[in-house]
Amino acid sequence: MHYTSLDGRQILDGSAGLWCVNAGHSRERIVKAVQEQVAKLDFAPTFQFGHPLAFELASRLTNMLSGEFDHVFFCNSGSEAADSALKMALAYHRARGQGERTRLIGRERGYHGSGFGGISVGGIVKNRNVFGSLLNGVDHLPHTYSHAEQAYSRGLPEWGAHLAEDLERICALHDPATIAAVIVEPMAGSTGVLPPPKGYLEKLRAICDKHGILLIYDEVITGFGRLGDSFATEYFGVEPDMITCAKGLTNGTIPMGAVICRKGIYETMMDYGEETGATIELFHGYTYSGHPVAAAAALATLEVYREESLFERARELSPYLENAAHALKGSKHVIDIRNLGLVAAIELEPRPGAPTKRAYDIYRHCFEKGLLIRIAGDTLAVSPPLIVTKEQIDQIFETIKEALEAAD
């Protein structure tokens, strides 16, 4: 649960590294799996070849989902997973004779990594505005947050499901037959933790089905227990067509990402390749896709999650973290508190003329007092490893409260 600073202090990890170290640091089983795999098979090409661990891992991932998910495409990060999913959506529609479906829809305040595809469909302004026009043919849904309607909501906000209906406006504007996919985070994380309004994902799924549009969930943060279930699709009971994941897949030990696809997507592209005589069905892949050392780390990580019932533990601890977070209501500088699963956000009133500065000062204060948290603009984000104890949750929010009182 801790880092050690250069001056020897123990720093409680209140952010699971970067939302990724869900089982805690330096887990013996994962370390041993990596060490043994490096000695056994350090690398193998995945073009025209395969190795058993990648297939075993793909099977394990699809078995964690209750829907018709039957194939996994491996990559090296959440950014690569997002770009891969977008390319696969375009290729899928082309393979089924609907090559005019080229438009991609993201959401304001969304984050889908740092590739050109992910930045283009992403909606965090500072991640976009220094890189020019990015990809063409992209539009954005409105974000789901309203301070006036949702402030201090516990869990899913009651207000905001109707915002999904803006997809119908986009469809009318561009013609739904030109839209390939919609990509959203089930719970927006990097923008400052925005849980979806009740009924929002259901509406989005229904509109996508109505118009033949693929729905992609970016579960790089929400996957692997963060909400108290294997994936957000299981937590919400609303299935997308593709899921991108990374971070908790290997507990942050070795870089790895993946796109998990519903039944029919893989077969459509393979059938198209056979019909056209293509020797390569999907012209996309990475040198390190399905890397054997990463696969070993992921398999060991999934075993730790299973053996220690960490997803269930996150579910059981979620109400405790919720209460601890909302106890800060009324504290100095606090204007909103949000939570879902083992995630909480404390939004601060910005300093006049100096946005983000107050949050950064509080972040520094917490680190000096032995706590690592995340900041997103003027929002403090807490997402500890799933092995966190109630006593450590208390320590996290007591330290934040102390930092709030000390801040000007």
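Q: What makes the pair formed by the side chains of His 333 and Arg 358 a polar contact?
A: In this predicted model, the side chain of His 333 comes to 3.4 Å from the side chain of Arg 358, and a polar contact is a pair of N or O atoms within 3.5 Å, one able to donate a hydrogen and the other to accept it, so the pair counts as a polar contact.

Q: Why is His 333 called buried?
A: The relative accessibility of His 333 is 15%, and buried means under 20%, so His 333 counts as buried. This residue lies in the loop between helix H12 (310-326) and strand E10 (334-340), and, leaving aside residues up to four places away in sequence, His 333 touches Glu 347, Leu 348, Glu 349, Arg 358, Leu 404, Ala 407 and Asp 408.

Q: Why does Lys 263 count as exposed?
A: Lys 263 has a relative accessibility of 56%, and exposed means over 50%, so the residue counts as exposed. Lys 263 is found in the loop between strand E9 (257-262) and helix H10 (265-276).

Q: Which residues does Lys 263 touch, not counting those up to four places away in sequence?
A: With those left out, Lys 263 touches Glu 68, Phe 69 and Asp 70. Gly 67 is 196 residues from Lys 263 in sequence, while their C-alpha atoms are 9.0 Å apart in space.

Q: What makes strand E1 and strand E12 stand at the edges of their sheet?
A: The open sheet has 3 strands in the order E1-E2-E12, with mixed pairing. Strand E1 (2-4) and strand E12 (371-372) each have a single partner strand, so one side of each is left without a neighbour in the sheet.

Q: Why is the protein chain called as compact as a globular protein of its length?
A: The protein chain has 14 helices and 14 strands. Its radius of gyration is 21 Å, close to the 22 Å that the globule rule gives for 408 residues, so the chain is as compact as a globular protein of that length. Along the principal axes, the C-alpha atoms fill a box of roughly 70 × 55 × 40 Å, and 57% of the 408 residues count as buried.

Conventions:
Residues are numbered from 1 along each chain as its sequence is written. This is a predicted model: local features need pLDDT of at least 70, side-chain atom pairs count only at pLDDT 80 or more; totals for chains, interfaces and linings use all residues. Side-chain values use heavy atoms; hydrogens and water are left out. Helices (H or I, at least four residues) and strands (E, at least two) are DSSP runs, numbered from the N terminus. Buried means under 20% relative accessible area, exposed over 50%, partly exposed in between (1.4 Å probe, protein chains only). Contact means heavy atoms within 4.5 Å. Two strands pair if DSSP finds at least two bridges between them. The radius of gyration is taken over C-alpha atoms; the globule rule is 2.2 Å times the number of residues to the power 0.38.
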